[in-house]
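Subject: Structure handover

Hello,

Here is the structure you are taking over. My notes on it follow below.

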Amino acid sequence: MTVETTSIDTLVVGGGQAGIAMSEHLSKAGVPHLVLERARIAERWRTGRWDSLVANGPAWHDRFPNLEFGEFDPNGFASKDQVAEYFVAYAKKFNAPIRTGVEVKKVVRNSGRPGFTVETSDGTVEANRVVVATGPFQRPVIPPIAPRDTQLTQIHSADYRNPQQLPEGAVLVVGAGSSGVQIADELQRAGRHVYLSVGPHDRPPRAYRGRDFCWWLGVLGEWDAEVMRPGKEHVTIAVSGARGGHTVDFRRLAHQGVTLVGLTKSFDDGIATFQLDLADNIRRGDENYLSLLDAADAYAQRNGLDLPQEPHARDIPSDPPCVTQPILELDLAQANVTSIIWATGYAVDFGWLQVDAFDEKGKPKHQRGVSKEPGVYFLGLPWLSRRGSAFIWGVWHDAKHIADHIVTQRKYLAYYDAQTNEPGDAPALKVSEAI
Ligand SMILES: Cc1cc2nc3c(=O)[nH]c(=O)nc-3n(C[C@H](O)[C@H](O)[C@H](O)COP(=O)(O)OP(=O)(O)OC[C@H]3O[C@@H](n4cnc5c(N)ncnc54)[C@H](O)[C@@H]3O)c2cc1C
């Protein structure tokens, strides 16, 4: 799959699921393109996740439309390595022009001529268009409140691999989205005492009335929501496919032995302080959980679906003591906390993309991935066009839209060429047909 070229119509940066989806649509449309990946195909699924991670959605759902997960149980949850292998197989299926081990270092718009000059770790590429598919979660973010205590082991969830990696002792996991909650569960099951700092969250049921939540969110149109509901900007989603998949329930985690605390506020002289918002966060998580059951029931009734009833899904366990009498201060040494895992999310990093495609806050400015800098496209970002945009199934549809846009732009240029060039002249814009 190595492609030697120094000039190409469309350059795709990043060979994860977004880059592969983009390549498939560009291939189908006959657009000459090249994907540059600095490491290996789907590298983040291979080395940017913890060892035991499985996909959050079942295999029938968390995939592209044109390939199933082989012999895999469609209702099962693929391991991170199986997801990576899936994308390798997918790229092979249509012979995607991916060049691995090449990092894009700098992209600048050409002056006085069309296109972009792209500096890479392996030379310069001239491209008419650049699709940025470098991922929604590029730079692990640890908030500035992190203590400067050298006695503590502190890592981001991106660097967590397994419980053995941490020194003996209790662990504080900050953040209870899908990563934090799964890591806390794994550590507690490995015999660690775990403090889990829980902020505002959504927690859909893993399954209800015989259907996975991915199915419910699909038929209820939730994956297609175009904008985040106001006030939900800092709300994480807590779901898990671990151990065959189960509903994330913070009270159950507490009854299992995890000590829940509210949002982490500060660290001072070895004392961690937490907000008095734990009960509230859990109550709102319940509301979100129950609202999905209500919406599912209404959908089943409206459509006359004969799905098994599941009244026990509405049973909410009793509040554990850590919720009724929340810890607001924790002396880390006294509690024998030796590690902190920051499951506090990621930011993007576009320092290498020196084009006019950003707003005043440095955020990509685009409409469904088509940026304000003509010829630059973003793909795979959260909420690029809808809620599903950063997920496996969503990025494929966004890539199709971008490919359509590229095809249309190429038609305009072909028309310009036809109008301006006498027969036999070189085209005004050289479109490389290297592939
Ligand atoms: C812990 C975790 C679990 C997740 N689980 C699921 C799940 O179960 N289901 C689901 O649908 N989604 C899941 N996601 C969300 C999403 O599917 C993944 O984040 C996915 O990896 C995003 O794919 P991507 O191709 O957009 O970006 P990435 O996978 O991040 O790929 C981007 C690629 O670009 C390369 N790159 C970056 N910069 C450069 C450069 N300058 N030059 C060349 N190459 C570059 C990187 O090496 C990387 O391979 C999960 C995310 C996380 C963090």
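Which residue in E17 does Asp268 stand opposite? Asp268 stands opposite Ile271. Before the rest, two points on the source. The model is predicted, with local features needing pLDDT of at least 70 and side-chain atom pairs counting only at pLDDT 80 or more, while totals for chains, interfaces and linings use all residues. Residues are numbered from 1 along each chain as its sequence is written.

Helices (H or I, at least four residues) and strands (E, at least two) are DSSP runs numbered from the N terminus. E16 and strand E17 (residues 271-274) pair over four bridges in the antiparallel sense; two strands pair if DSSP finds at least two bridges between them. They belong to an open, antiparallel sheet of three strands in the order E16-E17-E18. Strand E16 (264-268) and strand E18 (329-331) each have a single partner strand, so one side of each has no neighbour in the sheet.

The five-stranded sheet

A parallel, open sheet has the order E8-E19-E9-E10-E15. Its edge strands are E8 (153-156) and E15 (259-261), each pairing on one side only. Strand E10 (residues 194-197) pairs with E15 over three bridges, and Leu196 has Leu260 in E15 as its bridge partner.

The helix pair

The axes of helix H1 (residues 17-28) and H9 come within 8 Å and cross at roughly 40 degrees. (Axes are lines fitted to C-alpha atoms, for helices over the stretch in contact, and angles run from 0 to 180 degrees between N-to-C directions.) That makes H1 oblique to H9, because angles under 35 degrees count as roughly parallel, over 145 as roughly antiparallel, 65 to 115 as roughly perpendicular and the rest as oblique. Residues making the contact include Ala18 and Met22 of H1 and Val395, Ala399 and Ile402 of H9; contact requires C-beta atoms, placed from the backbone, within 7 Å.

The cores

A nonpolar core is a set of buried Ala, Val, Leu, Ile, Met, Phe, Trp, Tyr and Cys residues joined through C-beta atoms within 7 Å. Buried means 20 or more other C-beta atoms within 10 Å of a residue's own. The largest core has 60 residues, and Met22 and Leu379 are among the members touching the most others. Helix H9 (residues 392-420) gives the most to this core, with seven residues. A second, separate core of 45 residues includes Leu260 and Leu330. Leu379 touches, among others, Ala18, Met22, Val395, Ala399 and Ile402.

Regards

Key: A residue is buried if 20 or more other C-beta atoms lie within 10 Å of its own, exposed if 12 or fewer, and partly exposed in between; C-beta atoms are placed from the backbone. Two residues are in contact if their C-beta atoms, placed from the backbone, lie within 7 Å. Lists of a residue's contacts leave out its neighbours within four places in sequence.
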